[in-house]
Every structure is written in structure tokens, then in C-alpha cells.
Amino acid sequence: MESSLDTRIVHSFQENASDIGNESAPSYQTSSFSFASLEELEKYFKLYQGDSANRASQPGNAVIDELGQAVAMLEGAPAGVAAATGTSAVLTGIMATVSAGDHIIAAEDIFGGTYRLLSQELKHFGVETTFISFHDLEAVRKAIRPNTRLLYSETVTNPFLRVEDIDGVVQIAKENGLLTMIDNLYATPYLSQPFKKGVDLVVHSSAKFIGGHSDAAAGVLAGSEPLIQKVREKIVNIGAQLSPFEAWMTCRGIKTLGLRMEKQTTNAQVLADALMGNPLVSRVYYPEFVSKRGNGAVITIELMDQCDIHRFFSSLNWVKIVPSFAGVETTVSYPLGTSHRALSPEMQRKIGITKQVVRITLGIENSKDIIEQFEAALRQSAE
Ligand SMILES: *Cc1c(COP(=O)(O)O)cnc(C)c1O
């Protein structure tokens, strides 16, 4: 019988452990390896690179491969690979699926950095992207061109937490011979496993919930072995290999993913309920349903006009302003000034990023203390 997800999260590495019974994955702080003879070199390359010339991300540093494999296992995918950052994971995933002259259709409310990558960098290399609302999947279908190759979206988008209809997106892709790529950062495999629904490539910035401690930058992708093999080659070709130390830190973080997500998701639900009744909050965005395990650790609120946004942020005591998110601490961010600042003012207006919008990511603190912080800051912002 397959063990439950909570158990598999903790034991995701033991199954893959390549060494002699270590409790944690071994890491060698080295950027290269040395050999006494050509025979040893050959043996080594066979071992770590199999038949493909570019296989290993960093030959010998099993911990890097283990991170990819652990996330693949949690996502229910046959293969996974780690990259230097979430952004380079997104880039190499896209590079493995499209080439110059191809067309991508992406949800208009995806992460600002991914929007920038597609609309600026990839455009320069001849890959065009149409950004449209995935609210209306008929519009997505209509946007398909003869050269469309990829549909790109996120399980739950930021900051307004729209839950993607993954089954619907996969269906359109299958009917039209397209590939699908989903950023599963918000939900994590704890809440959603898009690969199991037929998504081709699942990507994460594991600096966020997967690693969970705001201390290690990394990215991971999960998918079929042939597609992940292609991504592996791109990672080496553009020099986006993950450092062994970051891999080791991320592997350590994963073991508590279940505990963290459970607590952070519960805290988010409790805070969302409390703020919905607060007269100084004009809107609370929190998904109604992501999974039976919960609805995620992020909520977004819009403050009433009488609230001074600067005073609100400076009145939060131990809740810090952090442009990133998803560590064990509760943090706030300001989408207009950070994640969505690259968007044109029209696009900001269209998707609702106003100067009163605040994104809150819940940590693992006591929920009463968290509510108290936010209620006090709201009061002070309106004084
Ligand atoms: C942060 C983030 C990324 C980029 O990851 P980095 O590790 O910062 O490069 C991609 N997608 C989403 C949804 C993110 O929040």
C-alpha cells in the first residue's frame, strides 16, 4: 500500500539515498571532481550521466539530483530536476518546449517575473506570448494559432488567488496538440498535483513553500523523463545549475512541508475569516476551494480608502514587509511596488492591483497573535 502524502514528504529522500545509510542527503561542497585515470573518469561519467552526454546537473553531487527526484515523487511525476532559481526553472522549462517562431498563450495574471521573462526576454529570441484571462477558456481556445506550442499558467495566481481550471486547460491542450506548463508554487504538491491531471511540466520556485525557510534560492521542475531530460540539458547549457549547499538546504526544508502547509493554511483561513468582518477592509481575496487539505497560505486584502497604506505597513510590528514570501514567518508584500511593478498601468488596473492592495503570507505563528497584529495595524492606518 502506498503511504500517505504526509509520510512520503518526510521520507522522500531515503528512497533515493545513494550512499551508505545517511539520514540526510550527502552534499559535497565542490564545483568539480578529480580522477586518477581515464578508466575512472569513464566509470564515473557512465554512472552519473547514463547515456546522455549532458545528464547530471553537477556530476557527483547526488543531493542536487535528489531534490529533483523528491519533488517529482511528491508531484507524482516520473522525473524531476533542480535549477538555480525558480526563474531559471521557468526559463529552461519553456526552452525545452518552444523555439523561435513558436507562440505561447499565458494567463495574464501570472507572477510578474514570469510575465517579464516572456514579454521581454523570450520575445527578443522570437518567441511570442499572448497574455489573456484564463477565466474564459473559450477565449484561450480562440487565441490558439497554427504556431502555438504551449499553454502556461499557475495553479493559483497571485495576488488575487484565482484557482486555475487545470482540467479545462489540459483538455484544450490535448485537443490542439499543445503542451502545458503550470507553476505550482502556491499550492505545492501538498494541495495540488497538476502532473496527475495531465499537465506536462510542473515548475516551482523552491525558495518559497518547498524550501520554506527563506534561506535557499532554488527551482525545481517535474514531468516525464524525456521532457525533464531536455530541461536538464538546457540547465547545463545556460549555466543555471543549482549549488549543492542550496540543494541541501532545500532538501532539509522539504521534510516539514506537510506540517508547515497544514499550519500556514489553517492560519490563512482563520485570518481571512477575521478580516472579512473588518469594516476597514473593502475586499478579502482567499480561494474558496483549492483542495480538501486546505486553500493555501496566502490571502490578499484591499484596504478601505480611509486607510493610509504607508501607516498600515509601518504599524505592523513583527510582521515584516518582504517582497518574496512563503517562509515560516508571516509576512506582507506590496504587489504594486514589487511583484507587479513591471506591468503597465493599464494592466495593473485591469487585474486590480491598486495602491490599497496588500498580500499577506501566513507563517506558523499563533493565529490569535497574527489577527491582533493586523487588526491593530488597520486601526492605526485609519486614525
Ligand atoms: C518567486 C516566484 C517565481 C520566481 O522564483 P525565483 O526563485 O525568485 O526566481 C516564479 N513563480 C512564482 C509564482 C513566484 O512567486
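# Close-up views of a predicted model

**View 1. The lining of the largest pocket.** α4 (86-95), α5 and β6 each contribute at least two residues to the lining of the largest pocket. The structure shown here and in the other views is a predicted model. The largest pocket holds about 390 Å³ of space. It is lined by 27 residues, and those closest to its centre are Phe111, Leu185, Ser205, Lys208 and Phe325. Sorted by class, the lining has eleven nonpolar, twelve polar and four charged residues. Domain 1 (5-254) and domain 2 (257-381) each give at least three residues to this lining. Rolling a probe the size of a water molecule over the atoms shows where empty space is left.

**View 2. The two domains.** The domain assignment divides the chain into domain 1 (5-254) and domain 2 (257-381). Taken over C-alpha atoms, the centres of domain 1 and domain 2 are separated by 27 Å. Contacts join the domains: 32 residues of domain 1 touch 40 residues of domain 2. The largest pocket also involves both domains, with at least three lining residues from each.

**View 3. The salt bridge between Arg162 and Asp109.** This pair is one of eight salt bridges in the structure. Side chains of opposite charge can pair when their charged atoms come close. Here the side chains of Arg162 and Asp109 meet with an N to O distance of 2.8 Å. Arg162 and Asp109 are both buried.

**View 4. A network of salt bridges around Arg162.** Arg162 also forms a salt bridge with Glu164, where the closest N and O atoms are 3.2 Å apart. Through shared partners, salt bridges join Asp109, Arg162 and Glu164 into one network. Are Glu164 and Arg162 buried or exposed? Glu164 has a relative accessibility of 6% and therefore counts as buried. Arg162 has a relative accessible area of 10%, so Arg162 is buried as well.

**View 5. The salt bridge between Arg145 and Glu128.** In this pair the closest N and O atoms are 3.7 Å apart. Arg145 lies in the loop between α6 (137-142) and β4, while Glu128 belongs to strand β3 (residues 128-132); the two residues are 17 residues apart, and the pair links distant parts of the chain. Arg145 counts as partly exposed because its relative accessibility is 33%. Glu128, with a relative accessible area of 39%, is partly exposed too.

**View 6. A cis peptide bond at Pro159.** The peptide bond that runs from Asn158 to Pro159 is cis, and its omega is near -5°. Pro159 is part of the loop between β4 and α7.

View 7. Which residue of helix α8 (residues 188-191) is in view? The residue is Thr188, and its phi is positive, about 60°, although Thr188 is not a glycine. With a relative accessibility of 0%, Thr188 counts as buried. Ser214 also has a positive phi, near 55°, and is likewise a residue other than glycine. Ser214 is located in the loop between β6 (201-205) and β7 (219-223). Ser214 is exposed, because its relative accessible area is 51%.

**View 8. The surroundings of Thr331.** Thr331 belongs to strand β11 (residues 331-333). Its relative accessible area is 8%, so Thr331 is buried. When neighbours within four places in sequence are left aside, Thr331 is in contact with Val319, Lys320, Val322, Ser324, Phe325, Arg359, Ile360 and Thr361. One of these contacts, Phe325, is also among the residues closest to the centre of the largest pocket.

**View 9. The surroundings of Lys355.** Lys355 is located in the loop between α13 (345-351) and β12 (357-361). Which residues does Lys355 touch, not counting residues up to four places away in sequence? They are Ile309, Tyr334 and Leu336. Lys355 and Pro335 are 20 residues apart along the chain, and their C-alpha atoms are separated by 8.7 Å.

Methods: Residues are numbered from 1 along each chain as its sequence is written. This is a predicted model: local features need pLDDT of at least 70, side-chain atom pairs count only at pLDDT 80 or more; totals for chains, interfaces and linings use all residues. Side-chain values use heavy atoms; hydrogens and water are left out. A salt bridge is a side-chain nitrogen of Lys or Arg within 4 Å of a carboxyl oxygen of Asp or Glu. Buried means under 20% relative accessible area, exposed over 50%, partly exposed in between (1.4 Å probe, protein chains only). Helices (H or I, at least four residues) and strands (E, at least two) are DSSP runs, numbered from the N terminus. On a 1 Å grid over the protein atoms alone, a cavity is a set of points where a 1.4 Å probe fits but cannot get out, and a pocket is an open set with protein on both sides within 12 Å along at least five of seven lines; lining residues have an atom within 4 Å of a point. Grid points are joined across faces, edges and corners, and a volume is the space filled by probe spheres set on the points. Ala, Val, Leu, Ile, Met, Phe, Trp, Tyr, Cys and Pro count as nonpolar, Asp, Glu, Lys and Arg as charged, and the others, Gly among them, as polar. Domain bounds come from an automatic or database domain assignment. Contact means heavy atoms within 4.5 Å.
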